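Thank you all for coming; I would like to take a few minutes to go through one protein with you, beginning with a single residue and then stepping back to the whole chain. Please have a look at it first.

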Amino acid sequence: MGLAITQVDAFADKPFSGNPAAVCILEAPREDGWMQLVAREMNLSETAFLVKRDGGYDLRWFTPAVEVDLCGHATLASAHVLWEQERLSANEGARFHTRSGLLTAKKSGAWIEMDFPASAFRPDETLVLEEMESALGTKVKSVWRTRFDCLAEVENEAAVRELRADITKIRALKTRGVIVTSSAAGKNYDYVSRFFAPSAGVEEDPVTGSAHCCLGPYWKERLGRDNLVGYQASARGGFVRTRCEADRVILSGQAITVLRGELL
């Protein structure tokens, strides 16, 4: 009998939007190399592997190229699968033991709330502004360094949506990824972003939960208010709600299963 694997569109309220992640629940830990091969076979931005343990589940995330330390959309997808398969009751929270510590998730109506570590940001004194502008092909107002990535604020939402990133130049910046952001032009959301991570095997990620660990605090500081809604303006697109609590960020999104299969 094969090993069940589920594909979930995370940060999505309808199929074929948001960010797809594969979720594989294992009976026992497997070799790193095997998990990396499965992630490469799935060819999604992330494949999540879970193993049940006392106090929740061990959770690891792999892109087609590397293992990563933190992933929001595949955590959202994992919690969704645990409830959908009734491995957790509807009123029971999910607990994940990860490289980034304990992450938790709970249902909130049609949404799932996840408790993640906030990612501090500081001015990036190592990166020349012109290098970022050349990589993104647009004018950049400021560049910041986060735990994993570079954050570039550009002039407006149109600049975020219309930029054509030079993936080769982004790969040369020596960072996991580049978050591009601006305040929103309309009233349906507060800020807009895109995320590029070619060094991790993902040229443009559709919706990036871990990037919002920085974006939530960043836009809270600039807008002077909390409980924000971010829109990641990739081709698939998706909404992420953020709420800051001390050194944590509550990320909220929706998820829908689109495919179930077996690894033979």
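If we leave aside residues up to four places away in sequence, A21 touches T6, Q7, V8, L44, E46, H73, A74 and A77. Please keep in mind, as I go on, that this is a predicted model.

Is A21 buried or exposed? Its relative accessibility is 0%, and buried means under 20%, so A21 counts as buried.

Among the contacts with a separation of 6 or more, 62% are made by residues 24 or more positions apart. The radius of gyration is 18 Å, and because a compact globule of 264 residues would have a value near 18 Å, the two agree. Along the principal axes, the C-alpha atoms fill a box of roughly 55 × 35 × 30 Å.

The largest pocket has a volume of about 190 Å³ and is lined by 14 residues, with F11, A12, D13, G238 and F239 lying nearest its centre. That lining is made up of five nonpolar, six polar and three charged residues.

Key
Residues are numbered from 1 along each chain as its sequence is written. This is a predicted model: local features need pLDDT of at least 70, side-chain atom pairs count only at pLDDT 80 or more; totals for chains, interfaces and linings use all residues. Side-chain values use heavy atoms; hydrogens and water are left out. On a 1 Å grid over the protein atoms alone, a cavity is a set of points where a 1.4 Å probe fits but cannot get out, and a pocket is an open set with protein on both sides within 12 Å along at least five of seven lines; lining residues have an atom within 4 Å of a point. Grid points are joined across faces, edges and corners, and a volume is the space filled by probe spheres set on the points. Ala, Val, Leu, Ile, Met, Phe, Trp, Tyr, Cys and Pro count as nonpolar, Asp, Glu, Lys and Arg as charged, and the others, Gly among them, as polar. The radius of gyration is taken over C-alpha atoms; the globule rule is 2.2 Å times the number of residues to the power 0.38. Contact means heavy atoms within 4.5 Å. Buried means under 20% relative accessible area, exposed over 50%, partly exposed in between (1.4 Å probe, protein chains only).
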